[in-house]
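Keep the structure open in the viewer and follow the stops below in order. Each one says what to select and what is there.

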There are 2 protein chains.
Amino acid sequence: MDNIVREIALLTPPENPVERLALLAGDDLGAVDNVIHSRMLSEAALIPDLARHLVDSGGKRLRPLITLASARQFHCSGDAHIKLAAAVEFIHTATLLHDDVVDESMLRRGRPAANTLWGNKPSILVGDFLFSRAFQLMVEVGSTIVLAILANASAVIAEGEVLQLRMSRNLAIGEEHYLKVISAKTAALFAAAAEAGAHAAGAALRQTEAMRSYGHNLGIAFQLVDDALDYSGRQAVMGKSVGDDFREAKVTLPVILSLSRAGDDERRFWRKTIEAGFQDEGDLSHAIEILERGGSLAETIDRARAYARAARQALDVCPESPIRSALADVANFVVDRVY
Amino acid sequence: MDNIVREIALLTPPENPVERLALLAGDDLGAVDNVIHSRMLSEAALIPDLARHLVDSGGKRLRPLITLASARQFHCSGDAHIKLAAAVEFIHTATLLHDDVVDESMLRRGRPAANTLWGNKPSILVGDFLFSRAFQLMVEVGSTIVLAILANASAVIAEGEVLQLRMSRNLAIGEEHYLKVISAKTAALFAAAAEAGAHAAGAALRQTEAMRSYGHNLGIAFQLVDDALDYSGRQAVMGKSVGDDFREAKVTLPVILSLSRAGDDERRFWRKTIEAGFQDEGDLSHAIEILERGGSLAETIDRARAYARAARQALDVCPESPIRSALADVANFVVDRVY
């Protein structure tokens, strides 16, 4: 985007801070999209077909945006941050493809999930391909520290997904295990995305650590809200199916909190629907009612708000700038999108 | 192993050249095993359990051995080649885990495949984990050229697996497409394993290229023989099920060659069993008979022998040594294991 056009646009900045961040990233976001589209090409035509279905499905590009913003905050030059942002989005996309196979998901961003259209086999293999492409991009950037940050995140994500398998039908799962899982499966990539951007721009150690902390806390807040939204009518508006976690008998924080103060009736209800996996018509509505009435949803959002606050505070060591202020607002936004 | 013990052992070297290579690798192979076992540990206990099932199932460690031999040939020092060899085995193991899910395999190395014991979900996720661990190891080695070699190989392998999906039930597949697929899904990792080892040891460009060529040609020979063995009674002895490709209606070179000279009866047989996928009792035996009688199996092995010869010739630019001679014999061995 032309600089003057951008400056004019910023005179009346969009209210949505993710859009503001995109505006502040200028041409970078378009450049990331170009890299994404050119690097998912392959002689095996199925790969770009399937990848495009997910990549062009209107995702917010939140993770690559954080890499770009983090890098721009520290006045990056060259195109390292562009390639890293594309690599981050590839890792995210690969994870979604494998997740949807593992969870037998039907929908993703309001459209049929890739596994329902192409089957599990292509989803697994295209995920592997995009993951490799991510590493190829990182290798081009050539920084072994950045490579280590993202390779570590990838290993942690896979560990988190494995730990999550135990969260199915398991009412013994406590808050601690739950937090460990979402730290790994969600927050690790946000943390790495933010840290890698700052690193590529040559930020000082305390600043790369601060950005890592920003990403980590933002990621936790994001997942907590996601897990609350899964029991909320608002979810349908966002193109996801409501009650996915419930149907998969996945134990998330709202259920953990509800169980911690449940009477006999409620305990029996969770045993039947989650532990035994017997779900009748009306059970999802009843689950939502229990979680709303007992305050478990509100409490989940409260926790998310505390993590969002920690994310904002982490930004204190970064120089004041419109980007820093947009990043801070993004932390609020991931919580406030509920209402 | 103690040096003197090793020297004595080499006075009467084992006939099997893979065992000879292992002997020549000395302590390195044990060191690789230590790295493999320590790096597959995780808080998620399922990961080492599942990984161990495959890693300790008596695989030959052929790929990591080639990395070690390639590095030792050029007098490597330090432990870079150890870590790279472990990374190569992790990539291979991750590929096998995903392959077995994609192919719905029941057996792997004579034991139940991981997906039949733990299910598809853990197999997918542990594959992702091992793949990430491979990159962590490579990052520790710190050479971006070696990282590029193995990241490229990983992307090519995934592409090859996707291209292979088209080989199912498709009698229009020709030799060219088949060779492209096996170059990608099998030979790419052998080529990268050999090239990375030489590179880590600081070999000259013409030598790293020669080792790449050795690995590529060895890999093609290896896969051609594998595809012939799938129609051979010897297969059962090796702990694999015979006729896997046939049952999955996968078109491999023996079938392609048979079709190229088939009469009406044979063409009808392949249409029914592979294209339409209708397989009756006795059809596998009949397929084997057709392939043996028509010479398609023998011709597949002849092609393999030509690739093995190219692999041996590639070694010419490497210094004469017991390792070089064992590598040359390995090329013969992958073909001769048929008989």
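Select the interface residues of both chains in this predicted model. Of the interface residues of chain A, 100% are also interface residues in chain B, so the two copies meet through the same surface. The contact takes 35 residues from chain A and 35 residues from chain B. On the side of chain A that touches chain B, the elements giving two or more residues are helix H4 (46-55), helix H6 (80-102), helix H8 (120-141) and helix H9 (144-165). Sorted by class, that side of chain A has 21 nonpolar, eight polar and six charged residues.

Two copies of a chain are related by a rotation about an axis and a shift along it. Here a rotation of 180° with 0.0 Å of shift along its axis superposes chain A on chain B, with an RMSD of 0.0 Å. This is therefore the relation of a two-fold axis.

Next, the nonpolar core. In soluble globular proteins, nonpolar side chains tend to be buried together. The largest nonpolar core has 247 residues, and those touching the most other members are Met138(A), Leu150(A), Ala221(A), Met138(B), Leu150(B) and Ala221(B). Pick Leu150(B): apart from its neighbours within four places in sequence, Leu150(B) is in contact with Ala87(B), Ile91(B), Met138(B), Ala192(B) and Ala196(B).

Move to helix H16 of chain A, residues 283-293. Which of its residues are buried? They are Ala287(A), Ile290(A) and Leu291(A). These residues cover an arc of only 95° around the axis, which puts them on the same side of H16(A). An α-helix has 3.6 residues a turn, so residues three or four places apart point the same way. The buried residues of H16(A) pack against helix H13 (244-247), helix H14 (253-260), helix H15 (264-275) and helix H17 (296-314) of chain A. On the face turned away from the buried side, H16(A) carries the exposed residues Ser285(A), Glu289(A) and Arg293(A). After H16(A) comes Gly295(A), which has a positive phi, near 85°.

Last, select Arg169(A), in the loop between H9 and helix H10 (175-200) of chain A. Arg169(A) counts as partly exposed because it has 15 C-beta neighbours inside 10 Å. Leaving out neighbours within four places in sequence, its contacts are Ala249(A), Ile274(A), Glu275(A) and Gly277(A). Select Lys272(A) as well: Arg169(A) and Lys272(A) are 103 residues apart in sequence, and their C-alpha atoms are 9.8 Å apart in space.

Notes:
Residues are numbered from 1 along each chain as its sequence is written. Chains are lettered from A and ligands numbered from 1 in the order in which they are written. This is a predicted model: local features need pLDDT of at least 70, side-chain atom pairs count only at pLDDT 80 or more; totals for chains, interfaces and linings use all residues. Two residues are in contact if their C-beta atoms, placed from the backbone, lie within 7 Å. Helices (H or I, at least four residues) and strands (E, at least two) are DSSP runs, numbered from the N terminus. Ala, Val, Leu, Ile, Met, Phe, Trp, Tyr, Cys and Pro count as nonpolar, Asp, Glu, Lys and Arg as charged, and the others, Gly among them, as polar. A residue is buried if 20 or more other C-beta atoms lie within 10 Å of its own, exposed if 12 or fewer, and partly exposed in between; C-beta atoms are placed from the backbone. A nonpolar core is a set of buried Ala, Val, Leu, Ile, Met, Phe, Trp, Tyr and Cys residues joined through C-beta atoms within 7 Å. Copies are superposed by least squares on the C-alpha atoms of residues with pLDDT of at least 70 in both. The arc is that of the directions from the helix axis to the C-beta atoms.
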